[in-house]
Amino acid sequence: MDAWKREVERIRQATGLPIAYLNVAQEDSEAVRAAQEQAGWEIVQSGSSAGRTWMVAIWPAQWPDAARSLLTLLLAKPEQAGSAQEQVTAWLTEVAAGQPASPPNGLERLWAWRERRVCFLLESSRSEGLFELPALQPLLHDFFKGAPVSLFPIRPSHLLLAVPVSALDGGDTEDWLEWAFGLHDLISTELMENVRVILGPAVETPALLGQALADCLRLSRALQKYRPRVMVADRRQFPLERWAASLPSDTASLLGDTLTRMMPAPKLSREQIETLETLFARQLNVSEAARQLFLHRNSLLYRLDKLTEETGLDPRQFPDAVLLQLFLLFRQH
């Protein structure tokens, strides 16, 4: 691609950094890519057309993080209609709409990852969506220390991030959930946006982004319906809420009626509902729930004893806790 060739030459002359442009026959592209990577080069951009493959390679050890983070912008020329980024965005938009969709053809070749990427779904609380990328991108650049983060605007109110694991200092799900809390605080503070952040899986290849997005959206729908005050979560959390949200409305109504017939429908106050939701979110751990509610442990025990007296159900006992949680989920039906 002539535009890339000119841009690569301009970058080399302006910065003196090692960067190369390659134009090879498409059937030779895999061998050339492997040879370049074995020699220590990193392919940062590629594309194919009319039997030819273009690649842009850098010598990563000599490229500062801040400089390499700008490469995607510098090399994303208008002539690149149908680029991997655009194709993936279009595909993920179909996935979010519930349409059967397959990853773009040749995605693994067009967009080769060197490491796993962790997915984060950002969800604006406003239906019209307020994710202004020009304002958000510099914040994400600094937050992830210049790492090449991929952004996919799925809907006006949803944005999927794919972040290299190395940008999160490695770690595991618990560590990544802390990054999700940090993202929420960053956007809420700097952009004054009330945003929900859902931690998705770490995926090996871009072809797995569709399943990761679907997992995050399932939890998003459940939280909107049953836990609207929860603003940061891992996609594997709240299994009962995810199950309830997946039910047809007539099935949910039937379950609600059945629960009412099974037990006296408790008349719960707002305080009691908050107490139960906190206790269930903390896996029935009374001490943890008391801390989150800013109560002394004995004060929480008194509340629970009072609730048991009024309803005949003790939320500290697993069978009663299940019934109470199901009642909370279906009380609006």
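Of the contacts in the chain between residues at least 6 apart in sequence, 65% join residues at least 24 apart. The model is a predicted one. Its chain holds 15 helices and eight strands.

**Whole chain**

- The C-alpha trace spans about 80 × 40 × 35 Å along the principal axes of the chain.
- The chain has 333 residues, and 46% of them are buried.
- The accessible surface of the chain is about 17,200 Å². Carbon and sulfur atoms account for 52% of that surface.

**Packing of H11 and H15**

- Helix H11 covers residues 249-262 and helix H15 covers residues 318-330. The axes of H11 and H15 lie 9 Å apart, and the two helices pack at an angle of about 135°. H11 is therefore oblique to H15, since an angle over 145 degrees would be needed for roughly antiparallel and 65 to 115 for roughly perpendicular.
- The crossing in which H11 passes H15 is left-handed.
- On the H11 side, the residues that meet H15 are Ala252, Leu255, Gly256, Leu259 and Met262. On the H15 side, the residues that meet H11 are Leu323, Leu326, Phe327 and Phe330.
- By class, the residues of the contact of H11 with H15 are eight nonpolar, one polar and no charged.

**Gly256**

- Gly256 sits in helix H11 and is one of the residues of H11 that meet H15.
- Gly256 and Ala39 are 217 residues apart along the chain, and 64 Å separates their C-alpha atoms.

**Thr275**

- Thr275 belongs to helix H12, which runs over residues 270-281.
- With neighbours within four places in sequence set aside, the residues in contact with Thr275 are Leu293, Leu300, Arg303 and Leu304.

Conventions
Residues are numbered from 1 along each chain as its sequence is written. This is a predicted model: local features need pLDDT of at least 70, side-chain atom pairs count only at pLDDT 80 or more; totals for chains, interfaces and linings use all residues. Side-chain values use heavy atoms; hydrogens and water are left out. Axes are lines fitted to C-alpha atoms, for helices over the stretch in contact, and angles run from 0 to 180 degrees between N-to-C directions. Helices (H or I, at least four residues) and strands (E, at least two) are DSSP runs, numbered from the N terminus. Angles under 35 degrees count as roughly parallel, over 145 as roughly antiparallel, 65 to 115 as roughly perpendicular and the rest as oblique. A crossing is left-handed if the near helix is turned anticlockwise from the far one by less than a right angle, and right-handed if clockwise. Contact means heavy atoms within 4.5 Å. Ala, Val, Leu, Ile, Met, Phe, Trp, Tyr, Cys and Pro count as nonpolar, Asp, Glu, Lys and Arg as charged, and the others, Gly among them, as polar. Buried means under 20% relative accessible area, exposed over 50%, partly exposed in between (1.4 Å probe, protein chains only). Accessible areas come from the Shrake-Rupley method with a 1.4 Å probe; for residues, only the protein chains shown count as cover.
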